[in-house]
Amino acid sequence: MKSCHLGAHVLVSDKLKSSRLDLAQRATALTEQLRMLSRSNNKKPRAWAEAYLAGEHLAALNAKINGPALDEMQAVLFGYSRQDRQDPRLFLRQWKMACKLLNKPVPET
């Protein structure tokens with residue numbers, strides 16, 4: 001199994017590697033920013049950051065932003081398997097919370 005993973009890694013372009021690194025750095029920075037902005041006792045800044053970044057990608061594609069779309073985009077961007085993911089309806093709530101904390105407009109969904 002490790003040889004398959006290594007083979008797939010070799011096939012990834014430098015541009016894609018750079019994009020993945022940029023995404024990971026943005027998620028980490030955004031997580032810290034959201035942690036500082038939230039006054040909630042039930043903070044989920046990493047989930048908010050990932051939902052927000054997924055929403056950005058959907059918006060760039062002119063795709064509708066809803067729970068299932070955010071769920072699928074987060075899986076693509078961050079590589080979650082189905083058993084690791086939560087109920088898709090929660091993603092929309094997390095995305096809206098991130099938008100609210102960042103003072104970004106929340107388009108109609």
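Student: Which pattern does the protein chain follow, read along the sequence?

Tutor: This is a predicted model, in which local features need pLDDT of at least 70, side-chain atom pairs count only at pLDDT 80 or more, and totals for chains, interfaces and linings use all residues. Residues are numbered from 1 along each chain as its sequence is written, and side-chain values use heavy atoms, with hydrogens and water left out. Helices (H or I, at least four residues) and strands (E, at least two) are DSSP runs numbered from the N terminus, and the chain has five helices and zero strands. Read along the sequence, the pattern is α-α-α-α-α.

Student: What span does helix α2 reach from its first C-alpha to its last?

Tutor: Helix α2 covers residues 14-37 and has 24 residues. The expected span of a helix is 1.5 Å times one less than its number of residues. For α2 the expected value is 34 Å, and the helix comes close to it, reaching 34 Å.

Student: Which elements are included in what covers the buried residues of α2?

Tutor: Buried means under 20% relative accessible area, exposed over 50%, and partly exposed in between (1.4 Å probe, protein chains only). In α2 the buried residues are Leu 23, Ala 27, Leu 30, Thr 31 and Leu 34. Their cover includes α3 (45-60), α4 (67-78) and α5 (89-101).

Student: Why does Thr 31 count as buried?

Tutor: Thr 31 lies in helix α2, and its side chain reaches the backbone oxygen of Ala 27 at 2.6 Å. Contact means heavy atoms within 4.5 Å; leaving aside residues up to four places away in sequence, Thr 31 touches Pro 45, Arg 46 and Ala 49. Thr 31 counts as buried because its relative accessibility is 6%.

Student: Just after α5, which residue takes a positive phi?

Tutor: Helix α5 has 13 residues, and its buried residues include Phe 91, Trp 95 and Leu 101. Just after this helix, a positive phi of about 55 degrees is taken by Asn 103.

Technical notes: Polar contact = N/O pair within 3.5 Å; in protein donor to acceptor, adjacent residues only side chain to side chain.
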